[in-house]
Amino acid sequence: MRQAIALSRESLFLTTPNPRVACLIVREGKLLASGVTQRAGQAHAEVMALRDASQQGLDVAGATFYVTLEPCNHHGRTPPCVDALLSARPARVVVAMQDPNPLVAGKGLARLRAAGIQVETGVCAEEALAVNPGFIARMTRGTPWVWLKTAASLDGHTALHNGASKWITSSAARQDGQHWRARSCVVLTGIGTVLADDPQLNVRDIATPRQPVRAVIDSQLRISPTARMLDGEPVWVFTTRNDPDKAARLAERNAQVIVLPAHNHRVHLPALMQWLGQHDINEVHVEAGPILNGALLQAGCADALLVYLAPLLLGDARPMFDLPALKSLGDAHAFEFTDMARVGADLRVCAQNKENWQALLAAVQPRPSV
């Protein structure tokens, strides 16, 4: 199963809004065939593995299939994968995660069992979940999985008070950050960052079959039609201000203005996350300043942190997160470390909200047969 999970990462930049899934076909410990889910509307992992076996002239009846997510049992853009599996007549199907999608939700496993196929679930579930937190989040709570990415000094500062920040971290760290942009569905920033830095926010320097949608939270619709992020690729501008003339000018640059409810004169962040979930967004990669980062944390809209720490001390400078003073340590925003790695001269630290993660993990664990 770990080999299948590793293979599923080959579709990390590809499948959105579908999950990243891999399938291995094994007989007596020997790998016969494999496949990963393709672009939305194209073949899923199980079908790709069966095509691989067919091209080799292999009969896979009686083999074991290892699949990183429960095979689908409904007609979407493609036929049900369960039908393909039943036609292949495996003896055993091993599944990492059950699919909480209401259209699946154990029904695929039930059909396999009803056909006399041995089914095992929950094998390396947490490792498989790490490849698909956004899809599982959207299926269970209706909102995407949200990463806050920041680059900071060792004492937790992202820029000097005059705004100078290029470059706190190394080129290796900046290159590594492109991977996290590429795997996301949306790269999100705030209007303060756009006005101060005029970023492009696109994926550069690494191969990717698609660019994530770039988006900006701009409550008062201050973005200029000449901003570099408006380069002709789709951009979403989230605002509270209804200004048809400005929206029309932005539309000429392929930017869509989305008017959302306000909270304290700013875009209501939970409403934004609901909108993203309704528009099939699985993962959101936030690259913003301390104000938006802090607001997302306070609104309960941040699931994980991606922090690049440079071996520098900046002293009195801008923080990573603009958060109010606490009266008690018990009021702190609590995360748990999930990964730490050396990247060039810097340190990449990943942490996630434990409660949010455990909720997703519970949703993909084995449940009683349907």
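**Burial, contacts and a cavity in a predicted model**

Colleague: Which residues of helix 4 are buried?

Modeller: In helix 4 (residues 107–114), the buried residues are Gly108, Leu109, Ala110 and Leu112. Buried means under 20% relative accessible area (1.4 Å probe, protein chains only); helices are DSSP runs of H or I with at least four residues, strands are E runs of at least two, and both are numbered from the N terminus. This is a predicted model, in which local features need pLDDT of at least 70, side-chain atom pairs count only at pLDDT 80 or more, and totals for chains, interfaces and linings use all residues. Residues are numbered from 1 along each chain as its sequence is written, and side-chain values use heavy atoms, with hydrogens and water left out.

Colleague: What covers the buried residues of helix 4?

Modeller: The cover includes helix 3 (81–88), strand 4 (92–95) and strand 5 (118–121), where contact means heavy atoms within 4.5 Å. Just after helix 4, Gly116 has a positive phi of about 85 degrees.

Colleague: Why is Thr193 called buried?

Modeller: Its relative accessible area is 17%, and the limit is under 20%; Thr193 is therefore buried. Thr193 belongs to helix 8 (residues 191–197). Beyond its neighbours within four places in sequence, Thr193 is in contact with Asp198, Pro199, Ala288 and Gly289.

Colleague: What makes a set of grid points a cavity?

Modeller: On a 1 Å grid over the protein atoms alone, a 1.4 Å probe fits at the points but cannot get out. The structure holds 1 cavity of 30 Å³ or more. Residues lining the largest cavity include Thr15, Arg20, Phe135 and Glu283, lining residues being those with an atom within 4 Å of a point.

Technical notes
1 Å grid on protein atoms, 1.4 Å probe; cavity = no way out; pocket = protein on both sides within 12 Å on 5 of 7 lines; lining within 4 Å. Points joined across faces, edges and corners; volume = space filled by probe spheres on them. Buried < 20%, exposed > 50% of the residue type's maximum accessible area, 1.4 Å probe, protein only.
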